[in-house]
Amino acid sequence: MNKIPYLHQGSKVAIAAPARKMSREQMQPAIQWLEEKGFEPVYDDRLFAEHHIFAGDDDFRAAVLQEYLDDENIEAIWLSKGGYGSIRVIDKLDFTKFMQQPKWIIGFSDTTVFHGKLSRLGCSSLHACMPFCFDQKTLEAKQSLFDVLTGKPLQYEFPAHPLNRLGEMEGEIVGGNLSVLYGMIGSNSFPETDGKILFIEDVDEYIYHIDRMMHGLKRAGKLEHLKGLVVGGLTKIHDNEEPFGMSVEEVIAEAVSGHDYPVCFGFPAGHFNNNCALVLGKDISVEVTEKKTITKQF
């Protein structure tokens, strides 16, 4: 993986909107945080463009992002909001110049499109909270974002889950939002999973949707040769009036039941306020024990 330089006082962080639109008011807490941390936010009126639900039409959003990808003075690009839209622009982008001088791409959820693409290109990226609702994020989540950007290691400990499969795993971690990954199967944005640790999270889905997506990954061979599975937030998951009969965790555990690699639930990343940072496309060590799970990333 290409090594990305860490940020320092005065580093320029561009804020781009490749998906849904945002207002100036919604952006202010994140802009203020960047300034308080000694970084220089880079954005202009284009950040607040509107086209239906998007922050401008597809060509417009791609052009703005391309500008930041190619700008040698920009050291990180913080994507403003997820929702939906990145898959409409990813194939309009040229990463040639970016790969000559890679920089942090930061976001989660819909940003999974970029995480997957960058992973395929051999570049790591940062799964972390975004400017949208930034004022609601925990101090731990914000600090983890700052720590990654400035070169500090990440370590998390979280309680054991009864469906965990014990063991140790170490290797490159890839993935992101399950729904977005499912929509990328067969494309050049879907990350290589063989010999990797897969991370997934999701929000606002029905249990049977999760079951369909897990079996879709399974049928495509994406769960067969993993080093392990790390499951983050499964937030606001719904059931039908006639219950599916299994919990969402049971659905995921069943989909990988034919393999013996470690599995852990409860990683502190996803669609909740304590959305802690995780570097995708970089090695991580995970120890799944009877009492807790410990992850380390340096």
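Begin by selecting E172 and K196, which form a salt bridge whose closest N and O atoms are 3.7 Å apart. This pair links distant parts of the chain, since E172 sits in strand 7 while K196 belongs to the loop between helix 6 and strand 8, 24 residues apart. Both partners, E172 and K196, are buried. Keep in mind throughout the tour that the model you are looking at is predicted.

Stay in strand 7, which covers residues 167-177, and select I173. Is I173 buried or exposed? With a relative accessible area of 0%, I173 falls under the 20% cut-off and therefore counts as buried. If you leave out residues up to four places away in sequence, the residues that I173 touches include I197, F199, V230, L278 and Q297.

Select R88 and D58, where the closest N and O atoms of the salt bridge are 3.1 Å apart. Here R88 lies in the loop between strand 3 and helix 3, whereas D58 lies in helix 2, residues 58-70, so that you are looking at a link between distant parts of the chain, 30 residues apart. R88 is partly exposed, at a relative accessible area of 38%, but D58 is buried, at 17%.

Now select R120 and E192, another salt bridge, with its closest N and O atoms 3.8 Å apart. Because R120 lies in helix 4 and E192 in the loop between helix 6 and strand 8, the pair ties together parts that are 72 residues apart in sequence. Both are partly exposed, R120 with a relative accessible area of 38% and E192 with 44%.

Then move to D211 in helix 7, which runs over residues 207-219.

Finish at the largest pocket, which has a volume of about 500 Å³. Of the 22 residues that line this pocket, select F108, S109, F132, V203 and H271, the closest to its centre. The lining as a whole is made up of six nonpolar, nine polar and seven charged residues.

Notes. Residues numbered from 1 in each chain as written. Predicted model: local features only at pLDDT ≥ 70, side-chain atom pairs only at ≥ 80, totals over all residues. Heavy atoms only, no water. Helix = DSSP H or I, 4+ residues; strand = E, 2+ residues; numbered from the N terminus. 1 Å grid on protein atoms, 1.4 Å probe; cavity = no way out; pocket = protein on both sides within 12 Å on 5 of 7 lines; lining within 4 Å. Points joined across faces, edges and corners; volume = space filled by probe spheres on them. Nonpolar A, V, L, I, M, F, W, Y, C, P; charged D, E, K, R; others polar. Buried < 20%, exposed > 50% of the residue type's maximum accessible area, 1.4 Å probe, protein only. Contact = heavy atoms within 4.5 Å. Salt bridge = Lys/Arg side-chain N within 4 Å of Asp/Glu carboxyl O.
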